[in-house]
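Here's a quick briefing to read with the model open beside you. Let's start with how the parts sit relative to each other and then zoom in.

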Amino acid sequence: MGEYLLTLLVSGLVTGSVYTVTALGLTMVYGILNVMNFAHGEVFMVGAYCGYFLFAVLGMSYPVAILGAIAGAAATGVLMEAVVFRPLRNAPQLSPLIASLGVSIFLQNMALLLWSPTPRMFNTPFVDEVVRIFVISMSMQRVIVFIVCALLIAALYFVVQKTALGKSMRAVALDPEAAALMGIDNRRVIVATFAIGSGLAGVAGALVGPILIINPFMGIPIILKAFAIVIMGGFGSIQGTVVAGFILGLAESFGILIIPSAYIDTIAFVLLIGTLLVRPTGLFAERLEENV
Amino acid sequence: MKRLLAFTSVFCVLSSASFAAEVKVGFLLPLSGGGAEYGQRQLKGANLAIQEFNAQGTGITIKLLMSDTKCVPVEASNAAERLVERDGIDVMIGGTCSPEAISALRVTQKSKIPHIVPAAAATSITEAGNAFVFRIIPNTKQIAENLADVLADRMGGKQLATVYLNDDFGIDLNTNLVNRAQSKGIKVVAQEGIERTTMDFFATVAKLKPLNPDVVVAPLFNKPAAQLARAMREQGMTAPISDTIMLTDEFHQLAGPAAYGSFQTTFFHPSVKTERGKAFVEHFKANNNGELPGNFEAEGYDSVMVLVDALKRSGADKSFSKEALTKAIRETKALPGVMGPITFDQKGQVEAVAEKFVLIRNDNGTLRPMD
């Protein structure tokens with residue numbers, strides 16, 4: 001029994017770390033633009049495909065493939081910002097939201113056309129390399145996923161809290177006009193936010209691609225989870241997102257103890273509704289007055 | 001104007017009948033998506049049968065109009081609607097995943113078009129009182145009970161776990177399998193339904209492992225089944241995966257060593273003993289660069305053979321009305337199919353079920369029949 005629970009714990013931490021990294025990208029964009037970018041899941045999918053093509057088709061090493069996935073996903077995000085979100089900067093809040101849904105559908109269909117709907121297996125050598133940690137065994141790939149995600153979360157926290165770029169991001173998130181008056185180039189900060197946020201989704205895609213099966217619709221379940229996490233975490237709060245991401249990963253993993261595998265996906269929404277009922281501002285309310 | 005149109009259409013029908021009759025066959029199959037491999041395999045088998053028939057010079061030509069269903073019910077019924085209304089097909093062949101087959105059958109039943117089902121197994125397909133459906137393979141209940149018997153009598157399974165798709169086929173199969181297995185004294189330790197979108201089985205395997213099943217029955221698509229096999233290996237489970245008709249070579253390639261020892265029941269294996277089967281294997285190889293046919297190729301082939309046989313027996317005037325074709329297909333008697341003789345019962349379900357099953361096992365990477 002101890003071994004079983006420990007396996008579920010580790011499984012939950014791995015899943016949670018992927019959810020968190022993906023949701024962090026979403027929450028950063030939300031914090032700055034006040035827009036839930038529903039195309040974020042497709043950025044995750046693009047990252048997975050980039051990693052797959054670089055590694056499995058072009059035969060590059062896995063670290064290079066991951067860097068390529070970051071670049072591909074960041075480019076997708078920056079392009080999305082320039083083509084869709086920038087022209088809608090002063091439009092009513094609903095317009096960019098709906099536009100993001102449009103981008104999401106567009107990217108799914110683009111992937112269908114370019115890469116066919118047939119699922120692909122993205123096999124790194126780490127998938128079949130089993131490691132033993134205490135009493136449980138798992139593939140090296142899962143260990144890599146967790147370590148890289150944990151490092152990314154720490155790095156992002158450092159960037160946002162300690163660097164000049166992070167400071168400008170927080171300033172723009174707080175009050176774009178005041179930030180501009182203080183000499184911050186809002187446009188540059190927004191582009192940087194999209195690049196970092198999308199890069200995070202891309203790296204998550206390239207990391208879990210080998211654990212999942214790659215297909216053009218793989219972004220849909222992940223965006224739903226990330227969306228729930230962002231709301232649970234408190235709309236734009238980085239700490240909240242990290243806590244909520246791991247809570248969801250662990251809840252899904254341990255949820256299998258009491259509910260069948262087929263209904264695991266409902267846990268995210270049960271938690272979401274529960275959070276909204278008990279704490280409508282999310283776990284870590286960033287900007288209380290705006291969200292109530 | 002109306003009269004002129006009527007005259008023209010009568011003329012067209014007459015002229016086509018007197019020269020060479022063309023029979024339009026709609027073919028619904030998944031050519032993309034998770035089930036794409038099943039569709040592509042059936043198509044190869046069907047094309048071979050059509051090619052053989054058209055070369056015989058009977059004065060009848062079979063024209064295949066295929067449509068991709070992606071194993072999605074809505075796509076299947078839209079495609080069926082198009083084939084029936086726009087292309088005016090005479091016969092439909094199709095049905096791989098049960099949910100898509102069920103939704104396409106509503107369209108053909110309404111239009112009274114005979115519909116041959118090659119691969120969809122849900123029991124309800126031939127039990128719903130549809131007079132136009134003909135299925136060339138055993139139904140899910142028969143498949144499940146056969147597998148349970150195999151597990152109990154031959155494979156020595158004492159404890160069983162199932163991981164099944166939460167759809168018409170999966171639930172049907174699981175229920176029947178579990179009932180039969182329990183009546184044979186097998187203990188069912190876990191039944192995990194999953195969604196078609198489930199791609200990571202790590203937590204599911206963590207749940208199965210402490211229950212110590214001897215066999216894990218996993219009637220899933222190739223890729224998810226391979227993921228399950230690998231997750232089991234990852235956590236050190238040694239129980240073999242068992243399946244029925246859904247796994248093909250793709251599973252064994254993707255899962256690699258994780259699939260060693262897995263076994264499944266199927267309806268066709270290239271080691272077939274019958275003359276009819278051997279001839280099919282040889283002809284298929286010659287036409288497909290030496291590739292060997294499997295279950296789905298045989299299903300595509302036999303579906304067309306049922307139609308060919310009916311065409312030969314019906315329509316002396318070569319008009320091939322829907323009624324005449326339906327009647328002729330229903331009267332199919334001991335047709336030597338590559339998967340065994342084909343005779344339909346009153347509901348359109350193929351008879352002589354016990355002889356249809358072949359048990360194969362992955363022996364360190366090679367699929368071998370078990371006698």
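In chain B, the centres of domain 1 and domain 2, taken over C-alpha atoms, are 31 Å apart. Domain 1 of chain B covers 2-138 + 273-353 and domain 2 covers 142-266, with bounds that come from an automatic or database domain assignment. Keep in mind that this is a predicted model: local features need pLDDT of at least 70, side-chain atom pairs count only at pLDDT 80 or more, and totals for chains, interfaces and linings use all residues. Residues are numbered from 1 along each chain as its sequence is written, while chains are lettered from A and ligands numbered from 1 in the order in which they are written.

**Where the two domains of chain B meet**

- The contact draws 17 residues from domain 1 of chain B and 15 residues from domain 2 of chain B; two residues count as touching if their C-beta atoms, placed from the backbone, lie within 7 Å.
- On the domain 1 side, the elements giving two or more residues are α2 (36-55), α4 (98-110) and α12 (295-313) of chain B. Helices here are DSSP runs (H or I, at least four residues), strands likewise (E, at least two), and both are numbered from the N terminus.
- α4(B) gives the most to that side, with three residues.
- By class, the domain 1 side has eight nonpolar, seven polar and two charged residues. For the classes, Ala, Val, Leu, Ile, Met, Phe, Trp, Tyr, Cys and Pro count as nonpolar, Asp, Glu, Lys and Arg as charged, and the others, Gly among them, as polar.

**Where chain B meets chain A**

- Chain B puts 26 residues into the contact and chain A puts in 23 residues.
- β7, α8 (202-208) and α9 of chain B are the elements that give two or more residues to the chain B side.
- The largest share of that side, five residues, comes from α8(B).
- The chain B side divides into eight nonpolar, eleven polar and seven charged residues.

**The sheet in chain B**

- Seven strands of chain B make an open sheet with mixed pairing, in the order β7-β6-β8-β9-β10-β13-β14; strands pair if DSSP finds at least two bridges between them.
- β7 (187-194) and β14 (366-369) of chain B stand at the edges with a single partner strand each, so one side of each has no neighbour in the sheet.
- On average, neighbouring strands of this sheet are turned by 25 degrees against each other, direction ignored.
- Helix α7 (residues 168-183) of chain B packs on the sheet, touching β6 (159-165), β7 and β8 (215-217) of chain B, and its direction makes about 165 degrees with that of β6(B). Axes are lines fitted to C-alpha atoms, for helices over the stretch in contact, and angles run from 0 to 180 degrees between N-to-C directions.
- Helix α9 (residues 222-234) of chain B lies across β6, β8 and β9 of chain B, at about 160 degrees to β9(B).
- Strands β9 (residues 241-243) and β10 (residues 263-266) of chain B run parallel and are joined by two bridges, with Ser242(B) opposite Phe263(B).
- Strand β13 (residues 358-363) of chain B runs antiparallel to β14(B), joined by four bridges, and Asn362(B) stands opposite Leu367(B).
- β13(B) and β14(B) form a hairpin with two residues between them, and Asn364(B) in the turn has a positive phi of about 45 degrees.

**Helix pairs**

- In chain B, the axes of α3 (residues 73-85) and α4 come within 8 Å and cross at roughly 30 degrees. α3(B) and α4(B) are therefore roughly parallel to each other (angles under 35 degrees count as roughly parallel, over 145 as roughly antiparallel, 65 to 115 as roughly perpendicular and the rest as oblique).
- In chain A, the axes of α2 (residues 40-57) and α8 (residues 186-208) come within 7 Å and cross at roughly 50 degrees, so α2(A) and α8(A) are oblique to each other.
- The axes of α5 (residues 140-162) of chain A and α8(A) come within 10 Å and cross at roughly 170 degrees, so α5(A) and α8(A) are roughly antiparallel.
- The contact of α5(A) with α8(A) is made by Val145(A), Val148(A), Cys149(A) and Leu152(A) of α5(A) and Leu200(A), Val203(A), Leu207(A) and Val208(A) of α8(A). By class, that contact has eight nonpolar, no polar and no charged residues.
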